[in-house]
Amino acid sequence: MLLKTEAETAQLARTLAGLVQPGDAILLSGPLGAGKSVFARAFLRSVCADPALEVPSPTYTLVQAYDAPVATVYHFDLWRLSSPDELDELGWDDACEGIMLVEWPERLEDMTPPHALHLTLDVAEDGSRNATLVGWPGRLPTSCGAGPENGA
């Protein structure tokens, strides 16, 4: 799906925040500047029902936890992760029972949650973003770009 503005990226995040359940994972992929942080901020503010929520990047802490009405949400930024073995130290097993939002999921290797929603953001030449969603069969509304071609 085409996201022409940051507001459209934020709207996609709010839509997905309304669909998450305990045990869910959203895996955010894309190059630097693709909008992963915009998505994460809007998602966390929506799922926590707090539009003023301060959402610092977990780049240096690797994980931030947020209390949300539906479950604890764990925001991972795995850019600096040197090995999936380090996930144990970050409380990965506990996080799997809540909701996980994971930036740089490529670093998970064989720890990738099998039923995750994969969201890839790519930057087009005109600055818009192309979002590809794969996973959560039958759960995504068609306005999220769901359909047989993306595994939904």
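The following exercises, each with a worked solution, concern a predicted model.

**Exercise 1. Two hairpins**

State how many residues join the strands in the hairpin of β3 and β4 and in that of β6 and β7, and identify the residue with positive phi in the latter.

Solution. Step 1: four residues connect β3 to β4 in their hairpin. Step 2: in the hairpin of β6 and β7, five residues lie between the strands. Step 3: Gly127 is the residue in this hairpin with a positive phi, near 95°. Step 4: the antiparallel strands β6 and β7 are joined by six bridges, and His118 finds its bridge partner in Val134 of β7.

**Exercise 2. Aromatic pairs**

How many aromatic pairs are there, and how are the pairs Phe39 with Phe43 and Trp79 with Trp104 classified?

Solution. Step 1: ring centres must lie within 6.5 Å for a pair to count. By this criterion there are three aromatic pairs.

Step 1: the ring centres of Phe39 and Phe43 are 6.1 Å apart and the planes meet at 15°; the pair is therefore stacked, since planes under 30 degrees apart fall in that class. Both residues belong to helix α2 (residues 36-47), and because they are four residues apart there, about one helical turn separates them. Phe39 and Phe43 are both buried.

Step 2: the second pair, Trp79 with Trp104, has a centre-to-centre distance of 4.5 Å and an angle of 50° between the planes, and is tilted. Trp79 is in the loop between β4 (72-77) and α3 (92-95), whereas Trp104 is in the loop between β5 (99-103) and β6 (117-123); the pair therefore ties together parts 25 residues apart in sequence.

Step 3: Trp79 is partly exposed, because its relative accessibility is 39%. Trp104, at 13%, is buried. Arg107 also lies over the face of Trp79, 5.0 Å from the ring centre.

**Exercise 3. The nonpolar cores**

Identify the residues with the most contacts inside the largest nonpolar core, and the element that supplies the largest share of this core.

Solution. Step 1: the largest nonpolar core has 32 residues, and Leu16, Ile26, Phe39 and Phe43 have the most contacts inside it. Step 2: at least two residues come from each of α1 (6-17), β2 (25-29), α2, β5, β6 and β7 (129-134). Step 3: α2 gives the largest share, six residues.

Step 1: leaving aside residues up to four places away in sequence, Ile26 touches several residues, including Leu16, Phe39, Phe43, Val102 and Trp136. Step 5: another core, of 17 residues, lies apart from this one and includes Phe76, Leu78, Trp92 and Trp104. As background, nonpolar side chains in soluble globular proteins tend to be buried together.

**Exercise 4. The interactions of Arg139**

Which residue forms a salt bridge with Arg139, and over which ring does the charged end of Arg139 sit?

Solution. Step 1: the whole structure contains one salt bridge. Step 2: this bridge links Arg139 to Asp24, and the closest N and O atoms are 2.6 Å apart. Step 3: Arg139 is in the segment after β7 and Asp24 is in the loop between α1 and β2, so the bridge ties together parts 115 residues apart in sequence.

Step 1: Arg139 is partly exposed, because its relative accessibility is 25%, whereas Asp24, at 7%, is buried. Step 5: the charged end of Arg139 sits over the ring of Trp136, at 4.1 Å from its centre.

How values were computed: Residues numbered from 1 in each chain as written. Predicted model: local features only at pLDDT ≥ 70, side-chain atom pairs only at ≥ 80, totals over all residues. Heavy atoms only, no water. Phe/Tyr/Trp six-rings, centres within 6.5 Å; stacked < 30°, edge-to-face > 60°. Buried < 20%, exposed > 50% of the residue type's maximum accessible area, 1.4 Å probe, protein only. Lys NZ or Arg CZ within 6 Å of the ring centre and 35° of its normal. Core = buried A, V, L, I, M, F, W, Y, C linked by side-chain atoms within 4.5 Å. Contact = heavy atoms within 4.5 Å. Pairing = 2+ DSSP bridges. Salt bridge = Lys/Arg side-chain N within 4 Å of Asp/Glu carboxyl O.
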